[in-house]
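Please examine the sequence and the structure shown below before reading the report. The sections that follow describe selected residues, helix contacts and loops.

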Amino acid sequence: MKLIQNMVNYKVNIITGVELFKYARQFNVKISREDAEKIADYVRGKQLDIFDDEARSKALKDIAKITSPLTAKEINRVFVLLAK
């Protein structure tokens, strides 16, 4: 289980805006390409652990500031689906 979590976190931490936009569409999450780029720029290299509720919550608060609260809520759906 830990190996899978590490792989998912690794992917999140190197994701590009194009990839994030693709995943969002795949999961029927509505975000713009511009917001996907902003979010990818934010998470890339942060060593974010999406399985850690506290770390994910802090990241989502930051994402809400650089995009919008609605976008952060939608991105949380992507993170939760990736973490399954």
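Apart from residues up to four places away in sequence, V8 touches I50, F51 and L82. The model described here is a predicted one. V8 is found in helix α1. Its relative accessible area is 19%, and because buried means under 20%, V8 counts as buried. Between the C-alpha atoms of V8 and E74 there is a separation of 18 Å, and the two residues are 66 residues apart along the chain.

V12 also lies in helix α1. With a relative accessible area of 4%, V12 is buried. If its neighbours within four places in sequence are left aside, V12 is in contact with V43, L48, I50, F79 and L82.

## The nonpolar core

In soluble globular proteins, nonpolar side chains tend to be buried together. Which residues touch the most other members of the largest nonpolar core? In this core of 23 residues, they are L20, I31, V43, L48, I63, I75 and F79. Two or more residues come from each of the helices α1 (2-14), α2, α3, α4 and α5 (69-83). Helix α3 provides the largest share, five residues.

I31 is one of the core residues named above. Leaving aside neighbours within four places in sequence, I31 is in contact with L20, F21, A24, A36, T71, E74 and I75. Of these partners, L20 and I75 are also named among the residues that touch the most other core members.

## Packing of α2 against α3

Two packed helices are described by the angle between their axes and the distance between the axes. Helix α2 (residues 17-26) and helix α3 (residues 33-43) pack at an angle of about 120°, and their axes are 8 Å apart. The two helices are therefore oblique to each other. The crossing in which α2 passes α3 is right-handed.

On the side of α2, the contact is made by G17, V18, L20 and F21, and on the side of α3 by R33, A36, E37, I39 and A40. By class, the residues of this contact are six nonpolar, one polar and two charged.

## Packing of α3 against α4

Helix α3 packs with helix α4 (residues 53-66) at an angle of about 140°, with the axes 10 Å apart. Helices α3 and α4 are therefore oblique to each other, and their crossing is right-handed.

Helix α3 contributes K38, I39, Y42 and V43 to the contact, while α4 contributes K58, A59, D62, I63 and I66. The residues of this contact divide into six nonpolar, no polar and three charged.

## Packing of α4 against α5

Helices α4 and α5 pack at an angle of about 145°, and their axes are 8 Å apart. The crossing of α4 and α5 is right-handed.

In this contact, R56, L60, I63 and A64 of α4 meet P69, A72, I75, N76 and F79 of α5. The contact of α4 with α5 has seven nonpolar, one polar and one charged residues.

The C-alpha atoms of L70 and I31 are separated by 9.2 Å, although the two residues are 39 residues apart along the chain.

## Positive phi values in two loops

Most residues other than glycine have a negative phi. N28 is not a glycine, yet its phi is positive, at about 55°. N28 lies in the loop between α2 and α3, and its relative accessible area of 60% makes it exposed.

Q47 likewise is a residue other than glycine with a positive phi, near 60°. Q47 is found in the loop between α3 and α4. With 64% relative accessibility, Q47 counts as exposed.

Notes: Residues numbered from 1 in each chain as written. Predicted model: local features only at pLDDT ≥ 70, side-chain atom pairs only at ≥ 80, totals over all residues. Heavy atoms only, no water. Axes fitted to C-alpha atoms, helices over the stretch in contact; angles between N-to-C directions. Helix = DSSP H or I, 4+ residues; strand = E, 2+ residues; numbered from the N terminus. Parallel < 35°, antiparallel > 145°, perpendicular 65-115°, else oblique. Left-handed = near helix turned anticlockwise from the far one by under 90°. Contact = heavy atoms within 4.5 Å. Nonpolar A, V, L, I, M, F, W, Y, C, P; charged D, E, K, R; others polar. Core = buried A, V, L, I, M, F, W, Y, C linked by side-chain atoms within 4.5 Å. Buried < 20%, exposed > 50% of the residue type's maximum accessible area, 1.4 Å probe, protein only.
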